[in-house]
Amino acid sequence: MTTHYVIHHKKDTVGVAVAEGIAAAQELTGWQMDGDETVAIRSRDPIPLGHKIALTDIAAGDSIIKYGHDIGQAVAPIGTGHHVHVHNVKTRRW
């Protein structure tokens with residue numbers, strides 16, 4: 001079984017792509033490190049290696065949680081399986 005993305009903490013709202021060539025509408029298998037569980041979702045966008053994928057629906061203004069920590073704020077709604085990057089997230093620093 002291929003692991004397409006990893007989830008670092010059970011509170012995370014995003015996973016990180018660890019496989020190249022993730023296409024839109026692809027069934028993905030993820031590994032939740034905290035708890036050693038398998039999580040399946042369908043991608044809605046192509047997800048480049050090292051980029052984030054939404055594990056749940058995220059509303060505009062919601063926190064993006066990675067490593068169990070708030071890493072930024074959604075500036076637009078992000079549906080489950082969509083690409084999470086600079087086009088829909090901003091840092092809390094600025």
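Strands β6 and β7 run antiparallel to each other, paired over four bridges. Strands here are DSSP runs of E, at least two residues long, numbered from the N terminus, and two of them count as paired if DSSP finds at least two bridges between them. This is a predicted model, where local features need pLDDT of at least 70, side-chain atom pairs count only at pLDDT 80 or more, and totals for chains, interfaces and linings use all residues. Residues are numbered from 1 along each chain as its sequence is written, and side-chain values use heavy atoms, leaving out hydrogens and water.

Back to that pair: Ile65 sits opposite Asp70 in β7. The two strands make a hairpin with two residues between them, and Tyr67 in the turn has a positive phi of about 60°. On to β9, which pairs with β7 (residues 69-74) in the antiparallel sense over two bridges, with Ala74 facing Val89 in β9. Put together, you get an open, antiparallel sheet of three strands in the order β6-β7-β9. Its edges are β6 (63-66) and β9 (89-90), each pairing on one side only.

Now for the salt bridge (a Lys or Arg side-chain nitrogen within 4 Å of an Asp or Glu carboxyl oxygen). The whole structure has one: Arg42 meets Glu27, 2.6 Å from N to O. Arg42 belongs to β4 (residues 37-42) and Glu27 to β3 (residues 27-32), so the contact ties together parts 15 residues apart in sequence. Arg42 has 33% relative accessibility, so it counts as partly exposed (between the buried limit, under 20%, and the exposed one, over 50%, with a 1.4 Å probe and protein chains only).
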